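Good morning, and thank you for coming. Please look at the sequence and the model on the screen while I go through a few parts of the structure.

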Amino acid sequence: MSRAKQKAQPGTMKKVLEYLRPYMGLVALSVLLAAVTVALTLYVPVLIGRAIDLIVGPGQVDMPGILRLILRIAIVVAATAAVQWVVNTINNKITFQVVRDVRAQAFAKLQILPLSYIDSHPTGEIVSRVIADVDQFADGLLLGFTQLFTGVVTILGTLGFMISIRPGIALVVVLLTPLSFVVARFIATHTYSYFRQQSETRGEQTAFIDEMIGNQKVVKAFGHEQQNVERFDEINERLEKCSLQAIFYSSLTNPCTRFVNNVVYAGVALAGALVCVACGGAGFTVGSLSALLSYANQYTKPFNEISGVVTELQNALACASRIFQLIAEPPQTPDAPDARVLKDAQGQVEMKDVSFSYVPDRKLIEALNLSVKPGQHVAIVGPTGCGKTTLINLLMRFYDVNGGAIRVDGTDVRQITRASLRANYGMVLQETWLKSGTIRENLVMGKPDATDEEVIAAARACHAHSFIKRLPQGYDTVIGEDGGRLSQGQKQLLCITRIMLCLPPMLILDEATSSIDTRTELKIQHAFTTMMDGRTTFIVAHRLSTIREADVILVMRDGSIVEMGSHEALLQRNGFYAKLYNSQFAA
């Protein structure tokens, strides 16, 4: 096991205790009731021993006394069961409140993590941390609460009772006890690394499954099913291997601790029998020996359970460390304390000596300068990978510039709150996204208080109203994840309608009509013209025929603007734009 993994346990355990702190009252109550349960449980052997001592021999049985003891035993057992039920209820409440807090904090962190983290981690792997790893953590935590407290109190209680009955025999038990700690420590030090490896491999498997299910059409189109099966089998075999290793060491717990239990029990039985024979029944009766043997059995049993709990806790801590790593990830740079709230932006956008790269050693945008006047329509064109989408990411402040500045209405965007900046942009992407819910809920995301008349008017303007009315419940039709069975064009129309409804002062259209047929596109261009009127608009397009009416066309290449001007001016220049434009109409 590596040093990093050895050090992971104390730090992870400290975090677990921090999450437990708000519920320390319940934890204390659980420990107190666990002690009551143990005390009642340990009282039963005393009563049984007394009953045995009332059976002296043939014709010398005190039945009334035995019946009274049996009744008392029944009452104690019933009380024990009731208290144990309360303890289990409290432990469940503590565990699932902690799990709720962990998941809530993890999901809240996902909302403020920089996009660079989301872009660099598979979605399935993140989902695995928040769902599967937290479930495993909950199982280990619940088992710990259920058995750890009770086990520790049982050990202390039985030891106390044994000392009160016969201190010398109790000493035998104490001397043999370290064997259990040696076994538990050996197992714990070997299981953590394997359980962590198991958790990481399970996350990799979840990410692969999520990726393949989300892209099944592409997989089938390219006949990649067999390669996927082979890749999955490879991950599955690694998961099997590390799982077997983890289970092998954890399965040593039961036989090893049972061996220690039997050694302790045999030692108590032998010492007790010798003392009983030596005393001749005076001061140490058969009933006392019976109680002592029962206590010896109860004393060693928790070591077996605690060793099992320790093993499960290794799995829980391994999973917890992964979710805590996510929670501990540095969030995006917070808004400046004096950040301005941008309201009703005029739409003046300026880029001054902007430099940016996703990876430090791979330069993308360098010394980019741009000045956009309010209401201008700016088209951004260029070959794949030239920085068009990156420019949009910087405008929306999904990423911050490495150098230079971007200003909106004369204010550096880093001095504007992210929420207000993005609220002043309307964005339609090539990749559509619709949430599970009704059509109406998807359309009013940007304007929750929109009236039915406003929703319908926006849908009519985008030519979405007709197909929405044909759906089973119209605007109240529930669609599944990412639009369900709607066509790509229909989903795009809904995304355009969503922006048409709220009409912010600045627009970003990133291949907004790429999934729509030519006839519908011609109709929507008229809606776009109305929507863009008086609004600063950035249009990213590959089909150059759609941006001929733009006020300014930026031609990008290798992260730089190489040409700028109107469509006619750029054609007359016969430069890079002219080559791009003519290549699309060469046929």
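Predicted model: local features only at pLDDT ≥ 70, side-chain atom pairs only at ≥ 80, totals over all residues.

Residues are numbered from 1 along each chain as its sequence is written, and side-chain values use heavy atoms, with hydrogens and water left out.

Let me turn to the overall picture. The protein has 20 helices and 14 strands; these are DSSP runs numbered from the N terminus, helices being H or I of at least four residues and strands E of at least two. Of its 587 residues, 46% count as buried. Buried means under 20% relative accessible area, exposed means over 50%, and partly exposed lies in between, with a 1.4 Å probe and protein chains only. A contact means heavy atoms within 4.5 Å. Among contacts with a separation of 6 or more, 78% are between residues 24 or more positions apart.

Thr536 belongs to strand S12, residues 536–540. Is Thr536 buried or exposed? Thr536 is buried, because its relative accessible area is 0%. Leaving aside residues up to four places away in sequence, Thr536 touches several others, including Gln346, Val372, Pro374 and Met506.

Leu486, by contrast, sits in the loop between strand S10 (478–479) and helix H17 (488–502). Leu486 counts as buried because its relative accessibility is 12%. With residues up to four places away not counted, its contacts include Phe467, Leu471 and Leu494. Leu486 and Leu471 are 15 residues apart in sequence, and their C-alpha atoms are 10.0 Å apart.

A word on cysteines. The structure holds zero disulfides, a disulfide being a pair of cysteine sulfur atoms within 2.5 Å. Cys462 is buried at 0% relative accessibility, and Cys495 is buried at 6%.

Finally, the surface. Leu29 is found in helix H2, residues 24–53, and is partly exposed because its relative accessible area is 36%. Thank you for your attention.
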